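Hi,

Here is the structure I promised to pass on. Please have a look at it first, and my notes follow below.

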Amino acid sequence: MDLRAELLKSIWYAFTALDVEKSGKVSKSQLKVLSHNLYTVLCIPHDPVALEEHFRDDDDGPVSSQGYMPYLNKYILDKVEEGAFVKENFDELCWTLTAKKNYKPDRNGNSVVSHQDAFKLWCLFNFLSEDKYPLVMVPDEVEYLLKKICTAMNVELNSCELDDYLSQEPQGQGGLTVWQFLDMVNSGRFLRGIEQEAVSMAIEEVYQEVIEDSFPHPVFDPSVSRAQGYLWKKGQLRRNWSERWFTLKPSVLSYYMSEERKEKKGSITLDKHCCVEVLPDRDGKRCMFCVKTSSRTYEMSASDTRQRQEWTLAIQTAIRLQAEGKKSLHKDLKQKRREQREQREQRKAAKEEETQRLKQLQEEKERKLQELELLKEAQRQAEILLQEEEQRRRQQHEEMQRTLEIQLREAEQARASMQAEMVLKEAEAERQRKRILELEDMQERLQEALQQEVKARQDEEAVRYAQARLLAEEEEKLKQLMKLKEEQEEYIIKTQREKQVLKQEMENKNKCLEEAQKQLEEVRVNRQRVDQDVMAAQRKLRQASTNVKHWNVQMNRLMHPIGPGDKRTNVSGGGFTGYQALLSQRDSSLK
């Protein structure tokens with residue numbers, strides 16, 4: 001906690017004390033007086049111009065704490081220098097302002113603490129309170145402070161009674177206000193049977209230790225008094241031994257003529273370069289030790305070994321705090337206690353969260369169990385329905401199976417009949433292939449005849465034109481034969497396609513049986529037509545063969561040589577007549 005935060009806590013009490021109407025605002029005249037007093041106790045040079053300018057009378061009315069903060073920061077707190085003023089005087093000013101309004105001791109004089117002790121408790125409260133407004137002290141810090149006071153009086157604090165009191169006392173913002181704390185101490189509930197003077201000495205001792213940064217004797221045992229007392233010190237110039245009253249703070253070890261501390265004889269500044277060493281007894285002094293700084297060595301002597309050990313431990317702790325950059329032991333301890341409280345609160349919150357989560361999980365588990373019971377009941381109902389549905393399905397399946405068996409038998413019969421039909425179709429196709437082979441053989445023979453006729457035409461130039469006409473006719477007939485052959489091939493392809501269609505229809509059972517029968521009838525009609533065409537082609541081939549033979553005979557007659565003794569005129573006239581008769585016969589055959 002830095003100096004600014006400490007000053008702000010005391011100023012906050014002074015500001016709230018001036019807020020008579022509790023509206024959160026203070027009149028400018030009162031703030032002007034408060035600022036003037038703060039200038040004085042903080043030893044800050046007065047700035048009358050800024051003071052008058054900022055708090056001049058106008059129609060703006062009172063000023064809130066937020067409105068006063070800019071002036072407070074700029075003209076007062078920013079100019080404060082640590083060590084340039086007496087902190088106790090500053091606290092007394094703020095205490096005087098707030099105590100008049102808020103502190104109400106027992107009018108009959110039965111208060112446990114005096115007005116001055118109440119001021120010191122107020123200072124201790126400000127030091128241990130949380131850094132948030134309004135200022136409160138958490139129960140852990142209340143117990144810590146009461147324990148230190150009771151320990152200073154060698155009295156044990158009744159923690160159970162304190163817990164009962166704190167549980168009954170209304171706590172705002174999670175702790176006690178300073179006025180609730182003072183009322184609790186004045187009630188005598190925890191300091192019952194103890195004289196006021198003992199309480200006052202204990203409060204003074206704790207005040208010196210915490211506020212004045214004095215050390216306990218040893219540092220790690222708060223039950224022992226603070227680090228102050230008489231020691232013998234060896235002088236630097238005269239080298240004589242003098243008894244001095246020493247007071248230890250984190251940064252300095254001061255010594256005075258007496259315990260009243262009116263005449264300060266000197267101080268030893270402690271830093272990380274200092275050290276403490278135990279010395280052997282000499283010069284008639286025992287229990288000696290020394291404090292070494294970077295510029296000088298201070299020799300001292302304690303009354304006994306225990307006192308020397310306590311002082312050396314306390315000084316070593318102060319040096320360690322300086323090396324760690326910490327200005328106050330109790331500030332460091334307060335920060336550690338605060339961190340421990342935060343960790344406890346975090347653990348408590350985590351535990352509560354875990355408890356809540358377990359509770360939710362338990363509720364979720366119960367809900368799941370209920371859902372599971374409902375699901376089991378639904379499952380039982382579903383199993384009953386499933387059994388009924390299964391029985392119904394089994395009956396339907398049996399009926400369907402019987403129907404399929406009947407259909408299968410019918411399909412088998414249809415398949416057998418289709419296979420018989422296919423056998424007949426394959427036999428018919430085989431016969432058609434044989435016929436085509438015969439036609440091809442006939443075509444080859446015709447081609448041979450044509451070649452012979454061409455040869456005869458070349459040999460006989462006289463009948464070349466007639467032979468050419470015959471060849472043209474034969475070629476026309478050959479084209480017809482080729483056309484017939486193509487028709488036969490198309491028919492074969494068509495028959496194969498029909499076979500594939502029939503196979504597909506056989507796989508699809510009896511779906512297209514009637515259509516297959518119709519196609520079969522069409523195939524039969526086509527077969528008869530093809531048979532008729534083939535017979536017509538055979539007749540034409542036979543006629544053509546007859547004509548070829550006839551023409552061969554006529555050609556042989558024409559090529560027969562003339563015998564001796566025949567008359568020329570008769571021969572030529574007869575040849576012409578024969579040739580003319582041959583042409584007329586051929587024309588009649590073509591018709």
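Before the packing, one definition: a contact here means heavy atoms within 4.5 Å. This is a predicted model, so local features need pLDDT of at least 70 and side-chain atom pairs count only at pLDDT 80 or more, while totals for chains, interfaces and linings use all residues. Residues are numbered from 1 along each chain as its sequence is written, and side-chain values use heavy atoms, with hydrogens and water left out.

**Overall**

The chain has 15 helices and nine strands; these are DSSP runs numbered from the N terminus, with helices being H or I of at least four residues and strands being E of at least two. Of its 591 residues, 36% count as buried. Buried means under 20% relative accessible area, exposed means over 50%, and partly exposed is in between (1.4 Å probe, protein chains only). Among contacts between residues at least 6 apart in sequence, 63% join residues at least 24 apart.

**Helix α4 and the cores**

I started with helix α4 (residues 65–76), where Y68, Y71, L72 and I76 are buried. These four sit on the same side of α4 because they cover an arc of only 105 degrees around the axis, the arc being that of the directions from the helix axis to the C-beta atoms. The buried residues of α4 pack against α1 (3–18), α2 (28–41), α3 (48–54) and β2 (63–64). On the face turned away from the buried side, α4 carries the exposed residues Q66 and K74.

Y68 turns up again in the largest nonpolar core, which has 70 residues: Y68 and F181 touch the most other members. Helix α6 (residues 115–128) gives the most to this core, with nine residues. A second, separate core of 20 residues includes L248, L270, I315 and I319. By nonpolar core I mean a set of buried Ala, Val, Leu, Ile, Met, Phe, Trp, Tyr and Cys residues joined through side-chain atoms within 4.5 Å.

**α6 against α10**

α6 also packs with helix α10 (residues 196–210), at an angle of about 35 degrees and with the axes 10 Å apart. Axes are lines fitted to C-alpha atoms, for helices over the stretch in contact, and angles run from 0 to 180 degrees between N-to-C directions. On the α6 side the contact residues include F119, L124 and F127, and on the α10 side they include I203, V206 and Y207.

**Loops worth a look**

Most residues other than glycine have a negative phi, and most peptide bonds are trans.

- The peptide bond from Y133 to P134 is cis, with omega near -5 degrees; P134 lies in the loop between α6 and α7 (139–152).
- C43, in the loop between α2 and α3, has a positive phi near 60 degrees. C43 counts as partly exposed because its relative accessibility is 49%.
- R261 has a positive phi near 60 degrees too, and is found in the loop between β5 (252–256) and β6 (264–269). With 33% relative accessibility, R261 counts as partly exposed.

One more loop residue is Q236, between β3 (228–234) and β4 (241–248). Q236 and T297 are 61 residues apart in sequence and 9.1 Å apart in space, C-alpha to C-alpha.

Best wishes
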